[in-house]
Amino acid sequence: MYKIGRTTNLSRRLTAYVTSYVEPSEYVYSKEAEDMENDEQVVFKKLEEYRMSKKREFFKCELSEIKEAIDSLNGISKEEKEMLIGRNKKERRKKAREEI
């Protein structure tokens, strides 16, 4: 099982991460991104069949499948990512207003 997520400070995130699982957590893969929010959502969409719960970021699949989903983002424009996840300009404006 893998937890997939984004952070702006990996070292802080790793030290703050606490899990209730018996086995200790292990960091296994990362990739820098300029469009973290959309990248994360595209990866979630590509791996949705392996997602353990729609409200959680845990996936049960091979690490190679996760790496493939992440690496497939290379060369995809922000607009293409937004189309893949069903996000458009109207939705982005609504979300921005909600965050204020």
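I first looked up contacts, meaning heavy atoms within 4.5 Å. Of the contacts in the protein chain with a separation of 6 or more, 65% are between residues 24 or more positions apart.

I noted that this is a predicted model, in which local features need pLDDT of at least 70, side-chain atom pairs count only at pLDDT 80 or more, and totals for chains, interfaces and linings use all residues. Residues are numbered from 1 along each chain as its sequence is written, and side-chain values use heavy atoms, with hydrogens and water left out.

I then listed the elements, which are DSSP runs numbered from the N terminus: helices (H or I, at least four residues) and strands (E, at least two). The protein chain holds five helices and two strands, in the order β-α-α-β-α-α-α from the N terminus.

I looked up burial next (buried: under 20% relative accessible area, with a 1.4 Å probe, protein chains only). Of the 100 residues in the protein chain, 21% are buried.

I searched for aromatic pairs (rings of Phe, Tyr and Trp, the last by its six-membered ring, with centres within 6.5 Å). I found one aromatic pair. The ring centres of Phe44 and Phe59 lie 5.3 Å apart and their planes meet at 35°, so the pair is tilted; planes under 30 degrees apart count as stacked, over 60 as edge-to-face and the rest as tilted. Phe44 belongs to helix α2 (residues 36-46) and Phe59 to strand β2 (residues 58-59), so the pair ties together parts 15 residues apart in sequence. Both Phe44 and Phe59 are buried.

Finally, I checked for a charge over a ring (NZ of Lys or CZ of Arg within 6 Å of the ring centre and within 35 degrees of the ring normal). The charged end of Arg51 sits over the ring of Phe44, 4.5 Å from its centre.

Technical notes:
Buried means under 20% relative accessible area, exposed over 50%, partly exposed in between (1.4 Å probe, protein chains only).
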